[in-house]
Amino acid sequence: MITIIVGTNRPDSRARRIANLYADLLRELQAEHQILDLVELPADVSVSALYANAGRHPGFNRLADQASAADKLVFVVPEYNCSFPGVLKTFIDGLPYKGGIRGKKAALVGLGTGAQGGLLALSHLTDVLMYLNTTVVPARVRLPFIDQHLTDDGQLTNEFYAQLLREQAAQLVAS
């Protein structure tokens, strides 16, 4: 099972549109998959599901179980203030110490409205994942100037971007 994690809790996000496209690619490759969208995180997650409350919030636990059930992960991550969204870090921090996403293989897709296409976000996330013993596949996809290449209905108009996603998905499924 491959779990695609939408790395923001922003409703109707670009990251969700890219996650939907990735799911289509995995469907074409006949790979079992699911989407874990952080928009479903409880609004009070930082006080209701972490630390002394770990394991006690059904809404958080459902998402944590989705991540734990995955054999492989795909993180679709927008760049926020030269890093990845804090809500993604909060989600990762709330996962069980034993289990969660530790020891899994992960593909990373970064997107940004600027020229770097989420480069810093992917770099920071890679550091966190490596600390957790999560293997990051070498083909990290960056999608710069995403607003120019992603339609409101979730289509990529840049064939090169689509090719990069296809190649990464095929690599992840084959590994």
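**A guided reading of the predicted model**

Met130 lies in helix H5, which spans residues 119–131; helices here are DSSP runs of H or I with at least four residues, strands are DSSP runs of E with at least two, and both are numbered from the N terminus. The structure is a predicted model, in which local features need pLDDT of at least 70 and side-chain atom pairs count only at pLDDT 80 or more, whereas totals for chains, interfaces and linings use all residues. Residues are numbered from 1 along each chain as its sequence is written, and side-chain values use heavy atoms, with hydrogens and water left out.

Met130 counts as exposed because its relative accessibility is 55%; the term exposed applies over 50% relative accessible area, buried applies under 20%, and partly exposed covers the range in between, with a 1.4 Å probe and protein chains only. A separation of 9.2 Å lies between the C-alpha atoms of Met130 and Gly103, which are 27 residues apart along the chain.

The overall architecture gives this residue its setting. The protein contains 7 helices and 6 strands, and from the N terminus on its elements follow the order β-α-β-α-α-β-α-β-α-β-β-α-α. The radius of gyration is 15 Å, close to the 16 Å that the globule rule gives for 175 residues, so the protein is as compact as a globular protein of that length. That radius is taken over C-alpha atoms, and the globule rule is 2.2 Å times the number of residues to the power 0.38. Along the principal axes, the C-alpha atoms fill a box of roughly 45 × 35 × 30 Å.

Several totals describe the interior and the surface. Of the 175 residues, 51% are buried. Among contacts with a separation of 6 or more, 75% join residues 24 or more positions apart; a contact means heavy atoms within 4.5 Å. The accessible surface comes to about 8,400 Å², and carbon and sulfur atoms account for 50% of this area. Accessible areas come from the Shrake-Rupley method with a 1.4 Å probe, and for residues only the protein chains shown count as cover. The protein carries 16 positive and 17 negative charges, whose mean positions are 7 Å apart. In that count Lys and Arg are positive and Asp and Glu negative, while His and the chain ends are not counted; each charge is placed at NZ of Lys, CZ of Arg, CG of Asp or CD of Glu.

Asp12 counts as exposed because its relative accessibility is 75%, whereas Ser13 counts as buried because its value is 5%. Asp12 also has a positive phi, near 55°, in a residue other than glycine. Residues up to four places away in sequence aside, Ser13 touches Val6 and Thr8.

Helix H1 itself has 15 residues and reaches 21 Å from its first C-alpha to its last, close to the 21 Å expected at 1.5 Å a residue; the expected span is 1.5 Å times one less than the number of residues. Its buried residues include Ala15, Ile18, Leu21, Tyr22 and Leu25, and Arg17 is buried too. Gln30, which follows H1, has a positive phi near 55°.

Two further loops present exposed residues. Ala43, in the loop between S2 and H2, counts as exposed because its relative accessibility is 88%. Asn81 is in the loop between S3 and H4, and Asn81 is exposed because its relative accessible area is 80%. Asn81 is not a glycine, yet its phi is positive at about 50°.

Helix H4 (residues 86–94) has Val87, Leu88, Thr90, Phe91, Ile92 and Gly94 buried. These buried residues of H4 pack against S1, strand S2 (33–37), helix H2 (45–48), helix H3 (58–69), strand S3 (72–78) and H5. Ser46 belongs to helix H2 and is in contact with Tyr51 and Thr90, leaving aside its neighbours within four places in sequence. Ser46 is partly exposed because its relative accessible area is 43%. The C-alpha atoms of Ser46 and Gly118, 72 residues apart along the chain, are separated by 25 Å.
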